[in-house]
Amino acid sequence: MLALIYLALAIYLGDLLCRRFYRFVSTPHCWSAAILVGTLLSTWFTYLARLAFAHTAEPLLWADLLFFVVVPSAIFWLSRKAPKVSTIAPRVPGSSTWDWITLGALFAAACVLLIGTLYVNRQGQLRLSATQTSDFASQLVIAQNFALGHNLPAEFAHYTSQRAPYQFPFYFQAGNLEFLGLNLAWSVDVLSVLGLTSLLALVMALGELLFNSRVVGRLGAALFFFHGSLWHLTSFLPSEYSHRAETWGFWKQTAFVNQRHLPFVVGIFLLVLIFLIDWYRLRSSAKSLLFSGLLVVAVPLWNASVLVNAAVALFCLLIAYGLWWLSKLKTPPVLGRVLAGALTACILAAGVIDLLAVYRSARMGVNYEREPLVRGLVFRNAEIYKLPASPPAGVAGKDLPKPPVTAFEGGPGGGKGQFDNPHGIAVDSAGNIFVADTGNGRIQKFSPNGTFVTSIATTDPHGIAIDRAGNIYVAEIGSKHHVQKLGPDGKLISEWAPGLYGPRKIAIGPDDSIYVVDSGDNRIVKLSPNGQVLASCGSAGTGDGQFRGVSSVAVDPTNKVYVADPMNSRIQVFDSNGKFLTRWSIPEWAQPLGFEDLAIDPDRGRLYASSAHMNTILVFDLQGNRLGTVTPMPPDKLEGPSALALAKGKLLVLNSGSARVCVIDLQNRVPHQPPPK
């Protein structure tokens with residue numbers, strides 16, 4: 001109830017503010033502006049108030065209490081000074097009845113799609129579409145962290161080099177609504193439905209304003225929602241542009257469920273665009289222009305995806321206008337209407353089919369734990385969900401089967417031999433396999449044949465390495481940003497935090513020195529076995545000895561240090577003191593998938609480098625010459641390789657995509673050579 005009261009106050013405040021600065025072409029235009037502006041401003045107010053109360057035990061509680069005092073006062077003050085003239089002035093003749101019918105149908109479809117792909121079932125289990133887990137699962141972690149008060153300042157839980165991720169306001173507000181009583185699914189779903197419906201209403205309003213036709217507005221909004229078939233038009237573009245169009249977002253309708261923060265941002269863009277068109281025509285006051293500028297500045301996400309999505313909305317309106325114009329042709333009689341109706345029906349039917357494929361994707365069950373968020377308040381407990389990273393390959397349209405219990409068969413989950421967003425793998429001198437099961441907060445130990453042995457509890461393990469004595473070194477990338485040294489039995493020996501931010505991977509040199517990837521600071525830190533800092537190399541940049549998204553480190557028997565610098569498409573080589581020696585170009589890198597890993601094979605004089613988006617392992621000699629690639633023998637395959645380790649003539653590959661370990665036998669194995677260009 002508190003969450004709904006919070007939203008009602010925010011939207012009412014947004015309505016009062018927008019009516020003081022904007023004129024609207026319709027009531028849906030006015031309502032959508034109130035939702036978007038009210039949600040945006042209330043989010044920033046609560047977040048900044050939370051920062052101000054950071055010294056207290058419950059900063060979010062005090063921030064919400066302040067909201068419930070300040071916002072009603074602001075509403076009372078603005079209500080007394082509300083504009084006397086009407087701010088809703090329809091510019092297009094005709095009844096608005098079909099506008100409301102169209103918007104109501106789109107609202108119902110949005111509810112079915114968004115709520116149907118993220119919900120809590122009768123058993124209290126969080127269920128989400130398997131198509132969402134690539135990005136969305138990790139974004140939900142942001143909301144959970146905010147609800148628990150663990151994310152100050154804002155961080156992306158799995159990518160801590162991003163101190164203030166662009167989508168954090170949306171997921172902060174979702175976390176806040178969860179804090180106020182909604183469960184995680186409803187918190188995200190309510191915001192998602194409001195944001196997407198408001199965006200569709202603004203597409204409709206923009207169509208009416210640009211083309212002076214209610215039909216164009218209604219049809220443009222429908223095409224934007226059921227646009228799945230239109231993205232196939234990118235196949236006629238040059239390959240470079242078609243790839244970008246597919247990558248950037250809403251061309252594929254999966255984005256409706258996978259990028260739920262985008263409708264709010266695109267909606268703000270369209271709201272300001274509608275104002276600018278109106279301002280150009282009618283010359284509104286300067287204060288309205290300043291208010292629009294404030295809205296633009298308040299949105300931290302302005303990138304190609306937003307602009308392309310806005311362009312898609314305009315493209316849909318142009319298609320709608322073309323269909324409307326075709327229907328108005330009087331020669332030959334009736335043919336224009338028939339042709340326009342047939343084309344419209346075909347486009348919408350294809351879009352519905354594409355959207356149904358998204359809706360019918362597999363559902364994943366998510367384990368959760370109950371934890372009270374606010375001590376002393378008894379109005380509810382919150383479900384703290386532990387989210388898997390991605391579904392196993394080949395699962396579609398059915399619930400996930402019960403996974404097996406070996407590292408080689410694995411599967412997403414929290415049981416023995418199951419993994420949730422795994423990121424690290426290492427092998428001890430006896431051949432035992434250790435996997436950093438990041439999402440489950442543990443390290444799992446397996447025998448050399450993959451049988452589960454035991455589990456070692458830790459907070460947020462990412463990279464792991466094992467020295468000759470069997471001691472386990474763990475890079476924890478969550479809120480602690482430190483390195484743990486554990487004994488062979490898993491008991492804590494010591495913890496080190498030498499100013500690290502985002503320790504990601506660990507390697508141990510032949511002299512027992514420990515090399516840590518400090519991804520947040522774009523450097524490699526060399527430590528002694530007792531945690532003393534011996535050297536540091538690297539900084540942010542693209543020059544020699546600089547990194548941009550450093551992801552892994554490996555050391556050969558001569559103490560040369562090899563560093564994966566994937567966003568710069570290269571491996572850099574240093575001496576043991578951090579002096580730059582050379583670099584190897586890897587054009588296939590610089591892709592958004594994964595954090596590439598390295599492994600040195602001293603017996604064969606090779607270096608293995610993962611390539612997550614290609615689902616293969618690149619092979620080099622230690623002079624940087626590329627020898628080819630290796631993959632498992634069919635039918636086994638790689639699915640998002642995220643970590644590598646060597647064990648007695650075998651290369652172990654940890655797959656984040658399928659939550660399992662693959663084995664590549666290196667005995668008498670010749671790397672595959674790519675065909676000549």
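This note goes through salt bridges in a predicted model.

1. The model has twelve salt bridges.

2. D99 belongs to helix α4 (residues 97–116) and R218 to helix α8 (residues 214–225), so the contact ties together parts that lie 119 residues apart in sequence. Both D99 and R218 are buried.

3. R468 and D512 form another salt bridge through their side chains, at 2.8 Å from N to O. This pair also links distant parts of the chain, 44 residues apart: R468 sits in the loop between β10 (461–466) and β11 (472–476), and D512 in the loop between β14 (503–508) and β15 (514–518). R468 counts as exposed because its relative accessibility is 64%, and exposed means over 50%. D512 has 28% relative accessibility and therefore counts as partly exposed.

4. The side chains of E588 and R626 meet in a salt bridge of 2.7 Å, N to O. E588 is in the loop between β21 (580–585) and β22 (598–601), while R626 is in strand β25 (residues 626–630); the two are 38 residues apart, and the pair links distant parts of the chain. E588, with a relative accessible area of 23%, is partly exposed. R626 is partly exposed as well, at 33% relative accessibility.

5. Salt bridges can also share partners. D99, R214 and R218 are joined in this way into one network.

Key. Residues are numbered from 1 along each chain as its sequence is written. This is a predicted model: local features need pLDDT of at least 70, side-chain atom pairs count only at pLDDT 80 or more; totals for chains, interfaces and linings use all residues. Side-chain values use heavy atoms; hydrogens and water are left out. A salt bridge is a side-chain nitrogen of Lys or Arg within 4 Å of a carboxyl oxygen of Asp or Glu. Helices (H or I, at least four residues) and strands (E, at least two) are DSSP runs, numbered from the N terminus. Buried means under 20% relative accessible area, exposed over 50%, partly exposed in between (1.4 Å probe, protein chains only).
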